[in-house]
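Have the structure open as you read.

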Amino acid sequence: MAAKERIQWASKLGFVLATAGAAIGLGNLWKFPYLMGKNGGFQFLIAYLIFVVVLGVPVMITEMSIGQMTEQSPVNAYRKLNRKASFIGVLGVLSAFLILSYYSVIGGWLLKYIASYLTTFAAPADFSAYIAQPAEPVVWHLVFMALTCLVCVLGTRGIEKASTVMMPVLFLLLVVIIIRSVTLPGAGDGLAFMFSNTGSQFSFSSLSAALGQVFYSLSLCMGITLTYGSYLKKGENIPKSCATVAAMDTAAAVMAGVAIFPAVFAFNLEPAQGPSLIFGTLPKVFSSMAGGPVFAVLFFVLIFFAAITSAIALLESVVSFAIDNLHWNRRWAVAAVGVLAALAGIPSSLSYGPLKDVTIANYSIFDLVGVLTDNVLMPIGGICMCIFVGWVWGPKHIAAHIEQNSGLFRLKKAWVFCIRFLTPILILIVTAAGFVSIYQVVTGG
């Protein structure tokens with residue numbers, strides 16, 4: 001009965017844009033540029049592109065196929081294949097919930113910056129001072145979560161409508177900002193940093209960062225791709241759809257770099273700024289250029305579009321679980337999950353202010369949630385998925401499903417090799433590097 005009543009995407013374009021919207025988020029427009037700046041520019045970009053092909057696309061194909069085959073949310077999907085594998089879905093749903101809780105905090109910062117530019121034509125005077133406040137960042141976090149819930153409560157119809165508007169506008173805004181950025185005096189140094197072999201900072205940790213960024217950027221092992229795949233009509237070409245989404249996701253990340261680095265170099269600022277690159281450094285760039293407030297609003301609006309489409313996908317992954325497993329209706333599921341995620345995000349928001357002295361294993365609350373998802377839950381879930389599909393359940397089932405729906409699976413042998421050998425090895429590297437990083441922080445090393 002559940003499979004027959006499963007909601008579906010209204011169109012292939014809506015599905016592709018919704019899935020792209022889920023993937024294109026803060027990982028592309030906030031995290032990718034500063035990781036590139038810290039890890040050698042061009043060499044980091046090349047490593048990232050390789051890992052998208054050998055890790056990102058194979059995992060996307062696997063998750064989307066499982067969703068389409070089972071027409072179930074993550075936990076039930078794995079349970080339907082093998083009851084003992086349902087914990088893989090649990091890891092994905094838990095990751096999505098935790099990421100959503102702090103993702104919304106960052107989304108609130110974006111809303112504050114948009115409001116500030118619209119009302120005062122300038123960014124908040126001091127980003128660190130703003131996020132240290134006890135009340136206002138929490139309020140904006142709650143507003144962002146409420147907006148996410150308003151879209152998600154409409155189901156695939158609301159997600160498709162939001163994505164078909166926001167994704168084209170996002171790329172259009174990127175093009176506008178790129179044109180302004182590359183026409184600044186001295187912008188060529190920023191392009192050279194991105195596209196020439198000058199990455200003296202590139203190291204093994206940079207390689208690991210590129211691997212981890214693929215995971216985060218493509219929203220892998222968060223239950224999102226599987227959930228969206230479960231709404232996909234039979235007959236759709238999954239490998240082609242995954243390749244399209246990966247290409248759009250990568251294009252957005254590279255375009256974000258082209259929008260940001262020429263401006264950073266034009267004003268002689270440091271590209272390896274870390275997270276403050278977006279909220280601290282770029283407002284200085286906008287304040288120094290003609291028409292700066294206008295371009296600032298456009299920039300933060302496009303990042304907001306990327307953030308909210310990803311937040312919607314994170315929320316939908318958990319809501320789908322609640323509907324299928326707890327038998328809640330959609331409105332109640334969205335309201336309950338939204339409130340719980342909002343409450344869970346409040347300590348992360350306060351970790352820069354009233355709770356700044358509260359640490360767990362030497363991590364702030366905000367950082368701890370990110371570490372648990374990025375370095376523990378998602379990589380472990382990815383390894384378990386590869387072992388289950390590659391060696392326990394068997395890749396032949398997914399290959400047969402793809403060929404039944406899409407015709408000849410031309411890269412079947414390459415996909416099987418990746419899922420069985422290459423992809424789990426790469427994920428293991430990410431996991432090992434993550435645990436080394438955790439050990440260093442915990443021990444103060």
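The points below cover ring pairs, a ring cluster and charges over rings.

Keep in mind that this is a predicted model. A search of the whole structure finds 29 aromatic pairs, and two of them are described here.

**A pair between distant parts of the chain**
- Tyrosine 78 and phenylalanine 388 have ring centres 6.1 Å apart and planes at 65°, so this pair is edge-to-face; the cut-off for that label is over 60 degrees.
- Tyrosine 78 belongs to helix α4 (residues 74-81) and phenylalanine 388 to helix α16 (residues 365-393), so look for them 310 residues apart in distant parts of the chain.
- Tyrosine 78 and phenylalanine 388 are both buried.

- Phenylalanine 417 and phenylalanine 421 form a tilted aromatic pair, with 5.7 Å from centre to centre and 40° between the planes.
- Both phenylalanine 417 and phenylalanine 421 lie in helix α18 (residues 412-443), 4 residues apart, which is about one turn of the helix.
- Phenylalanine 417 is partly exposed, at 46% relative accessibility, and phenylalanine 421 is also partly exposed, at 39%.

**A cluster of rings**
- One aromatic cluster includes Tyr102, Trp109, Tyr113, Tyr117 and Phe127.

**Charges over rings**
- Lysine 31 has its charged end over the ring of tyrosine 216, 4.2 Å from the ring's centre.
- Arginine 420 lies over the face of tryptophan 391, 4.6 Å from the ring centre.

Notes: Residues numbered from 1 in each chain as written. Predicted model: local features only at pLDDT ≥ 70, side-chain atom pairs only at ≥ 80, totals over all residues. Heavy atoms only, no water. Phe/Tyr/Trp six-rings, centres within 6.5 Å; stacked < 30°, edge-to-face > 60°. Helix = DSSP H or I, 4+ residues; strand = E, 2+ residues; numbered from the N terminus. Buried < 20%, exposed > 50% of the residue type's maximum accessible area, 1.4 Å probe, protein only. Lys NZ or Arg CZ within 6 Å of the ring centre and 35° of its normal.
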